[in-house]
Amino acid sequence: MSMAISRMRVSLRAVLSLISPPFPSSPIRRFSFSSQSHFENVGFIGLGNMGSRMVNNLLKDGYNVTVHDINCNAMKKFSDMGVPTKETPFEVAEASDVVITMLPSSSHVFDVFTGPKGLLQGGNLVRPWLLIDSSTIDPQTSRKLSVTVSKCILKEKKDHWETPVMLDAPVSGGVLAAEAGTLTFMVGGSEDAFLAAKPLFLSMGKNTIYCGKAGNGSAAKICNNLAMAVSMLGVSEALALGQSLGISASTLTRVFNSSSARCWSSDSYNPVPGVMEGTPSSRNYDGGFASKLMAKDLNLAAESAKDIGQNCPLTSHALEIYTELCKDGQETKDFSCVFRHYYSGMDEL
């Protein structure tokens, strides 16, 4: 009996070895066969630094992806790879079961969803059962769009889904994590839709966190980046002060990382050139998370706080600092450059 089973296993392996995957090194898709039809065709809009890498990981995982971007050169890179491209978001929607958007701002997202030739151009009838926005935008826009999407009707019913669903699912991790497929998704909206889409998220990332109702994913993202900005400012200010008092940044970093001041900005993303390899500070603050994007996210946090009457003085001050940094010509440099260009900190020799 055991020998027969062994022969069956060998035979099965032999058969499987003859089946070539869609991409030479692509792993087997993580979704189950029962849900495969719901994710068979994925649309992706926004092929910038983040989006293009997310699409690459979807392709590696075997999904059929159709893309769109207003940048023709970005689309050409994918068309040259044999990936279908469309001229409008509406055309992407018509070819997709699920559509993911990764765009620069709230206004871009709103236009792609509701503008002329947008995802919802068809009026009440739409094809995709799931619309996922991974842009970093304000929670209010996410919630408005979620309501708009919920009022539409599916052209074709998907199991118990009679109306389309929207998830706000911004990401953390930056370009390097997008490249490596190790992003963290913070997701707001229907929990059932979140659970159904989890394999899709795990094709592009390693962590998925359900944050609750619509807009809560966007809220989590701006709160995360607010904390990150304030942390970086605190570490940079302390390290610059320590240098002025005669303590080397490497020594003070060891103190921080062995004490209560330890945080991501000190032990993983140190802002002082010469202290830590592999960080933007080690390459003249190139790459990483641009200061202009941090200013944008802080502005989202400040506006959200204003809308609900929340007093957030550190948010306001951090926004002032990063706005000043951008005006001084550092908008494309990583946000940790605040150490050098705002606090006048010195390199570690």
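Student: What makes E1 and strand E3 (residues 98–101) count as paired, and in which sense do they pair?

Tutor: Two strands pair if DSSP finds at least two bridges between them. E1 and E3 have 4 bridges, in the parallel sense, so they pair. One example is Gly-43, whose bridge partner in E3 is Val-99. Keep in mind that this is a predicted model, where local features need pLDDT of at least 70, side-chain atom pairs count only at pLDDT 80 or more, and totals for chains, interfaces and linings use all residues. Residues are numbered from 1 along each chain as its sequence is written, and side-chain values use heavy atoms, leaving out hydrogens and water.

Student: Why is strand E1 (residues 41–45) called largely enclosed?

Tutor: Buried means under 20% relative accessible area (1.4 Å probe, protein chains only). In E1, 4 of the 5 residues are buried, so the rest of the structure largely encloses the strand.

Student: How do you know that Asn-225 is buried?

Tutor: Its relative accessible area is 3%. That value is under 20%, so Asn-225 is buried. Asn-225 lies in helix H10 (residues 216–244).

Student: What makes the pair Asn-225 and Asn-224 a polar contact?

Tutor: A polar contact is a pair of N or O atoms within 3.5 Å; within protein, one must be able to donate a hydrogen and the other to accept it, and residues adjacent in sequence count only if both atoms are side-chain atoms. Here the two side chains make the contact at 3.2 Å, so the pair qualifies.

Note on methods: Buried < 20%, exposed > 50% of the residue type's maximum accessible area, 1.4 Å probe, protein only. Helix = DSSP H or I, 4+ residues; strand = E, 2+ residues; numbered from the N terminus.
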